[in-house]
Amino acid sequence: MSGLVIALVGAESTGKTTLARELAQRLCASGRDAVVVPEYLRTWCEAEGRTPAPHEQRVIAERQTAHIREAAARHALVLADTTALMTAVYSHHLFDDQSLYAVADQAHAEVALTLLTGLDLAWVADGLQRDGAHVREPVDTLVRQALARMQAAYAVVTGQGEARTALALSLIEHELERPRRQAEQSLRPRWRWVCADCDDGECEQHWLPRPAP
């Protein structure tokens, strides 16, 4: 996989899909090769006309990961509208099944930056996928716990409208600049203290008491 993957995760009705689309538009307009990978769960629910059963969750998680990897093989920047992590979280929350965390953690290790959408947007009904505003806080807690356990680099995206998009875009741009900053850092000469009595930077003689002149 060669493309940089930015994951958008968070509880339902926190603007992940809208944000992913807006970010892709902005990034493409600036000359970036960016693409959105849609949430496979939505596609699955629309095709089946129902929500998945517990035993169908693994297939959905694996398909989401496969779509992200396929996009990353063709594009420089991938905006993943959720990852397998969200499937694992909902399996945990809805079915008390924690078995998907292992595959979700492994897949999420391929993500360069995770954007966690905050709960400051109003809940809006949207077909089969959404259970209600009451599930957002427990799901948000499970997502944060999973990211902390994985030691994943993530940032919380909050705000309304343009402010939300601008914040997310600044976080992505900062991540995209990381290679340049690291290269510049590696070119800087290492600071070395020189002892007043010799040229050995590791010399400890300068700590010894000196006789009065």
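This is a predicted model: local features need pLDDT of at least 70, side-chain atom pairs count only at pLDDT 80 or more; totals for chains, interfaces and linings use all residues.
Does Ser13 count as buried or exposed, and at what relative accessibility? Ser13 counts as buried, because its relative accessibility is 7%, and buried means under 20%.

**Stop 1**

Keep Ser13 selected and display the backbone around it. Ser13 lies in the loop that runs between strand S1 (4-9) and H1. Its phi is near 60°, which is a positive value in a residue other than glycine.

**Stop 2: the whole chain**

Zoom out and colour the chain by secondary structure. Eight helices and five strands make up the secondary structure of the chain. Followed along the sequence, these elements give the pattern β-α-β-α-α-β-α-α-β-α-β-α-α. The chain has 213 residues, of which 41% are buried. Among the contacts in the chain with a separation of 6 or more, 72% are between residues 24 or more positions apart.

**Stop 3: helices H1 and H7**

Select residues 16-29 for helix H1 and residues 162-176 for helix H7. Two packed helices are described by the angle between their axes and by the distance between those axes. For H1 and H7, the angle is about 60° and the axes are 10 Å apart. H1 is therefore oblique to H7. The crossing of H1 past H7 is right-handed.

Next, show the side chains at this contact. From H1, select Leu19, Glu22, Leu23, Arg26 and Leu27. From H7, select Glu162, Arg164, Thr165, Ala168, Leu169, Ile172 and Glu173. The residues of this contact between H1 and H7 comprise six nonpolar, one polar and five charged.

**Stop 4: two cysteines**

Select Cys28 and then Cys45. Cys28 is partly exposed, as its relative accessible area is 37%. Cys45, by contrast, counts as buried, because its relative accessibility is 3%. How many disulfides does a search of the whole structure find? The search finds zero disulfides.

**Stop 5**

Move to helix H4 (84-95) and select His93. His93 is located in helix H4, and with a relative accessible area of 29% it is partly exposed. Which residues does His93 touch, not counting residues up to four places away in sequence? On that basis, His93 touches Val135, Pro138, Val139 and Leu142. To examine one of these, draw a distance between the C-alpha atoms of His93 and Leu142; the separation is 8.1 Å, although the two residues are 49 residues apart along the chain.

Now select Asp96, which is found in the loop between helix H4 (84-95) and helix H5 (101-108). Asp96 is not a glycine, yet it has a positive phi of about 55°. Asp96 counts as exposed, because its relative accessibility is 61% and exposed means over 50%. Ser13, the residue of the opening stop, likewise has a positive phi but counts as buried.

**Stop 6: helices H5 and H6**

Finish with H5 and helix H6 (residues 136-150). These helices pack at an angle of about 65°, and their axes are 11 Å apart. Their crossing is right-handed. Show Tyr101, Asp105 and His108 in H5, which meet Leu142, Ala146, Leu147, Arg149 and Met150 in H6. The residues of this contact divide into five nonpolar, one polar and two charged.

How values were computed
Residues are numbered from 1 along each chain as its sequence is written. Side-chain values use heavy atoms; hydrogens and water are left out. Axes are lines fitted to C-alpha atoms, for helices over the stretch in contact, and angles run from 0 to 180 degrees between N-to-C directions. Helices (H or I, at least four residues) and strands (E, at least two) are DSSP runs, numbered from the N terminus. Angles under 35 degrees count as roughly parallel, over 145 as roughly antiparallel, 65 to 115 as roughly perpendicular and the rest as oblique. A crossing is left-handed if the near helix is turned anticlockwise from the far one by less than a right angle, and right-handed if clockwise. Contact means heavy atoms within 4.5 Å. Ala, Val, Leu, Ile, Met, Phe, Trp, Tyr, Cys and Pro count as nonpolar, Asp, Glu, Lys and Arg as charged, and the others, Gly among them, as polar. A disulfide is a pair of cysteine sulfur atoms within 2.5 Å. Buried means under 20% relative accessible area, exposed over 50%, partly exposed in between (1.4 Å probe, protein chains only).
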